[in-house]
Amino acid sequence: MVLFDSHIHIGQFRYLYSTPQDVLDFLTKVGVDRFAVSSITTCEGNNEKVLGEMLEMVKIGGMKVVPVFWVMPSMLEDGWFEKFIDCRIQWKCLKIHGYFCNWDTDGWQIEKVIAKATELKVPLLLHTGGRDESDAGSYMNVIKRHPEQIFILAHSRPVEQAIDVMQHCPNAWADCAFTPPECVSEMIKCGFADRIMFGTDYPLHNVFYAGENMEDLYHKIVDEIKGSMSEAEWDLVSHKNFERLFGKI
Ligand SMILES: [Zn+2]
């Protein structure tokens, strides 16, 4: 089975620190061939550290790695946005987190990030869920305004809103990170199998499910998501959509 994970992190999450090597070793063990990864250290505001982690990730992971630039609003004002863009990493995706930070969906800040994603011809990953301002539906208008730009609704939350956005916007995709299998199944039934990507948010499970066997847990997640659709649909969700968005190697 070919399996790509579109939602992976390295770095500091609460008390857990995951090095690029830790994450690469784990994903290799569970059979993941390619993955899209951002550094969750970004939330600490230590950009120097984030840059070091991402450079290391790309260096050791090579072609397996799809590097994701997690943009914070502060970076648009302090020069770090340009610094990250101009670094040696060839970003394949940009990301913003509307739960962790305030992103005005009508503001110049989000427009600047979208303009860069469009220029680089890469998707923009949007965290969804947690509060009104970051729920999937709050991005409807901004996604509609940019029909040429692909947006990925990370976590697909809440699922009715994710479905609504995907119905109105053919440029809206979704990932399955922490998405209950029954929600994935609902989206599949709506005909979105060609716009959904498997993803897990690993290694955050080490914190949320501390004490559990991570390999077993990962395989269980794969099995549950796989079980929520047909074989042909899983073919798309597990890797073909990822290839379509991030390129083949
Ligand atoms: Zn995440």
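User: Is the crossing of H1 and H2 left-handed or right-handed?

Analyst: This is a predicted model, and in it the crossing of H1 and H2 is right-handed.

User: What makes H1 oblique to H2?

Analyst: The axes of helix H1, residues 20-29, and of H2 cross at roughly 40 degrees and come within 9 Å. Angles under 35 degrees would count as roughly parallel and those from 65 to 115 as roughly perpendicular, so H1 is oblique to H2. On the H1 side the contact is made by Pro20, Gln21 and Leu24, and on the H2 side by Glu53, Glu56, Met57, Ile60 and Gly61. By class, this contact of H1 with H2 has four nonpolar, two polar and two charged residues.

User: Why is Ile60 called partly exposed?

Analyst: Ile60 has 15 other C-beta atoms within 10 Å. A buried residue needs 20 or more and an exposed one has 12 or fewer, so Ile60 is partly exposed. Ile60 lies in helix H2, which covers residues 47-61.

User: Which residues is Ile60 in contact with, once its neighbours within four places in sequence are left aside?

Analyst: With those neighbours left aside, Ile60 is in contact with Pro20, Gln21 and Leu24. Ile60 and Leu24 are 36 residues apart in sequence, while their C-alpha atoms are 8.2 Å apart in space.

User: Why are H7 and H8 called roughly parallel to each other?

Analyst: Helix H7, residues 159-168, and helix H8, residues 181-189, pack at an angle of about 25 degrees, with their axes 10 Å apart. Angles under 35 degrees count as roughly parallel, and H7 and H8 are therefore roughly parallel to each other. H7 passes H8 in a right-handed crossing. Val159, Ala162 and Ile163 in H7 meet Cys183, Glu186 and Met187 in H8. By class, that contact has five nonpolar residues, no polar residues and one charged residue.

User: Where does the model have a cis peptide bond with omega of about -20 degrees?

Analyst: That cis peptide bond joins Arg157 and Pro158, and Pro158 lies in the loop between strand E7, residues 151-154, and H7. A cis peptide bond also joins Tyr202 and Pro203, with omega about 10 degrees; Pro203 is found in the loop between strand E9, residues 196-197, and helix H9, residues 205-208.

User: Why does His155 count as buried?

Analyst: His155 has 25 C-beta neighbours inside 10 Å, and since the cut-off for a buried residue is 20 or more, His155 counts as buried. His155 lies in the loop between E7 and H7, and has a positive phi of about 75 degrees although it is not a glycine.

User: Is Lys121 buried or exposed, and how do you know that?

Analyst: Lys121 has 10 other C-beta atoms within 10 Å; because 12 or fewer is the cut-off for an exposed residue, Lys121 is exposed. Lys121 is found in the loop between helix H5, residues 108-120, and strand E6, residues 124-127. Its phi is near 60 degrees, a positive value in a residue other than glycine.

User: What makes Pro123 count as buried?

Analyst: Pro123, in the loop between H5 and E6, has 23 C-beta neighbours inside 10 Å. With 20 or more needed for a buried residue, Pro123 therefore counts as buried. Leaving aside its neighbours within four places in sequence, Pro123 is in contact with Cys93, Ala117, Ile150, Phe151, Ile152 and Leu245. The C-alpha atoms of Pro123 and Asn171 are separated by 9.5 Å, although these residues are 48 residues apart along the chain.

User: How do you know that the radius of gyration of the protein chain agrees with that of a compact globule?

Analyst: A compact globule of 249 residues would have a radius of gyration near 18 Å, and the protein chain has 17 Å, so the value agrees. The C-alpha trace of the protein chain spans about 45 × 40 × 35 Å along its principal axes, and buried residues make up 46% of the 249 residues. Of the contacts in the protein chain with a separation of 6 or more, 70% are accounted for by residues 24 or more positions apart.

User: How many helices and strands are there in the protein chain?

Analyst: The protein chain has 11 helices and nine strands.

Notes. Residues are numbered from 1 along each chain as its sequence is written. This is a predicted model: local features need pLDDT of at least 70, side-chain atom pairs count only at pLDDT 80 or more; totals for chains, interfaces and linings use all residues. Helices (H or I, at least four residues) and strands (E, at least two) are DSSP runs, numbered from the N terminus. Two residues are in contact if their C-beta atoms, placed from the backbone, lie within 7 Å. Axes are lines fitted to C-alpha atoms, for helices over the stretch in contact, and angles run from 0 to 180 degrees between N-to-C directions. Angles under 35 degrees count as roughly parallel, over 145 as roughly antiparallel, 65 to 115 as roughly perpendicular and the rest as oblique. A crossing is left-handed if the near helix is turned anticlockwise from the far one by less than a right angle, and right-handed if clockwise. Ala, Val, Leu, Ile, Met, Phe, Trp, Tyr, Cys and Pro count as nonpolar, Asp, Glu, Lys and Arg as charged, and the others, Gly among them, as polar. The radius of gyration is taken over C-alpha atoms; the globule rule is 2.2 Å times the number of residues to the power 0.38.
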